[in-house]
Amino acid sequence: MKRFILILLFLAVALTGCEQPLEGPPIRIGYMNCNSEAETMKRFRPLTAYLSQRLGRPFEAVPVDTQDFESRFAAGDFAFTHGNSLLYIIMRENHGLKLLATEKRGQFGSRTAGSIIVKKDSPIKTLADLQGKRMLFGPQLAPTGYLAQYDLMLQAGFDPEVGLDYYAIPHGAYKHEKVIYGVYFGEYDVAAAPTLDLELMTREGRISADDFRILAQSEIIPYCTFGASKDVDAELAEKFRKVLVELTPETTVEIDGETIKVLDSAWVDGFETLLDQDYDPIRDMARRVNMPPYQEF
């Protein structure tokens with residue numbers, strides 16, 4: 001009997017630790033839309049629910065368009081952020097955003113790169129051969145879909161503004177995939193593709209590595225990043241960071257009657273704590289390309 005009571009007490013403590021009551025007003029997390037709001041919410045609702053459960057505070061996921069991210073953050077629409085590494089730098093420089101953790105995904109873990117690609121049989125062999133060609137870029141605030149490739153060309157002495165015959169950025173959702181398919185189907189001569197997207201699309205069998213040739217690839221730079229407003233309590237921010245880096249592939253959360261693996265749902269391999277200076281290569285790129293937060297008109 002005594003042993004039975006001890007087991008009940010142990011279970012009660014364990015359950016209390018997993019599902020502590022939520023206290024305080026909702027805390028909003030702004031998640032940058034990669035492809036669509038629906039996709040963003042599906043990916044990150046389980047992670048947000050898990051953070052609420054672990055921290056005992058109600059967190060709310062907010063999908064945010066990349067172009068609106070800074071203005072909505074500045075207006076106080078959300079206190080925690082999840083966005084690409086250039087957005088982190090913009091809000092760090094302009095609003096004092098605190099770095100929490102960096103997402104790990106793919107062969108480079110918490111870092112990734114930008115590639116300039118052509119079809120395997122293209123006559124284009126070097127960046128100098130891009131003279132008079134048609135190029136497709138990813139979104140303009142994408143570190144490895146625009147910034148890194150634009151910088152690669154400038155560093156090689158090729159100015160895209162005068163050297164290319166024409167360049168464009170796709171409209172609508174799934175811009176990175178459209179960029180890769182734009183070259184694959186021959187609509188454009190060359191494209192600015194995130195190396196991670198090439199890796200994932202190859203792994204999923206949607207393209208083959210033999211379909212393309214990489215003309216140039218940037219250095220690897222930090223990937224998508226969680227941050228906290230400078231107004232967030234330091235203890236809460238640290239607990240938030242700790243929960244992220246302790247996530248494992250086996251971590252689950254109950255949501256809508258289902259048991260969901262948190263990292264799988266978010267398309268993330270894990271999280272790592274980087275230093276702000278790890279983002280300096282992106283700062284250097286932004287200065288050379290004359291992009292925010294260092295843009296000079």
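## Strands S7 and S8 and their sheet

In this predicted model, strand S7, which covers residues 134–136, runs parallel to strand S8 and is joined to S8 by three bridges. One of the residue pairs involved is formed by Leu136 and Ala168, the latter being the bridge partner in S8.

These two strands belong to an open sheet of five strands, whose order is S8-S7-S9-S6-S10 and whose pairing is mixed. At the edges of the sheet lie strand S8 (166–168) and strand S10 (212–217), each of which pairs on one side only. On average, and with direction ignored, neighbouring strands of this sheet are turned by 25 degrees against each other.

## Helices packed on the sheet

Helix H5, made up of residues 143–155, packs on the sheet and touches strand S6 (114–119), S7, strand S9 (190–194) and S10, while its direction makes about 80 degrees with that of S6. Helix H7, which spans residues 175–184, also packs on the sheet, where it touches S6, S7, S9 and S10; the direction of H7 makes about 145 degrees with that of S9.

## The crossing of H2 and H9

Elsewhere in the chain, helix H2 (residues 37–55) and helix H9 (residues 234–245) have axes that come within 10 Å and cross at roughly 120 degrees, so H2 is oblique to H9. The crossing of these two helices is right-handed.

On the H2 side, the residues that take part in the contact are Leu47, Tyr50, Leu51, Arg54 and Leu55, and they meet Leu236, Lys239, Phe240, Val243 and Leu244 of H9.

## The hairpin of S13 and S14

Strand S13, at residues 252–255, pairs with strand S14, at residues 258–261, in the antiparallel sense and over four bridges. Thr252 has Lys261 as its bridge partner in S14. Two residues stand between the strands of this hairpin, and in the hairpin Asp256 takes a positive phi near 55 degrees.

Thr81 is a residue of strand S3, which comprises residues 80–83. With a relative accessible area of 2%, Thr81 counts as buried, because the term applies to values under 20%.

When its neighbours within four places in sequence are left aside, Thr81 is in contact with Gly30, Phe69, Phe73, Met91, Leu97, Thr225, Phe226 and Gly227.

Conventions:
Residues are numbered from 1 along each chain as its sequence is written. This is a predicted model: local features need pLDDT of at least 70, side-chain atom pairs count only at pLDDT 80 or more; totals for chains, interfaces and linings use all residues. Side-chain values use heavy atoms; hydrogens and water are left out. Two strands pair if DSSP finds at least two bridges between them. Axes are lines fitted to C-alpha atoms, for helices over the stretch in contact, and angles run from 0 to 180 degrees between N-to-C directions. Contact means heavy atoms within 4.5 Å. Angles under 35 degrees count as roughly parallel, over 145 as roughly antiparallel, 65 to 115 as roughly perpendicular and the rest as oblique. A crossing is left-handed if the near helix is turned anticlockwise from the far one by less than a right angle, and right-handed if clockwise. Buried means under 20% relative accessible area, exposed over 50%, partly exposed in between (1.4 Å probe, protein chains only).
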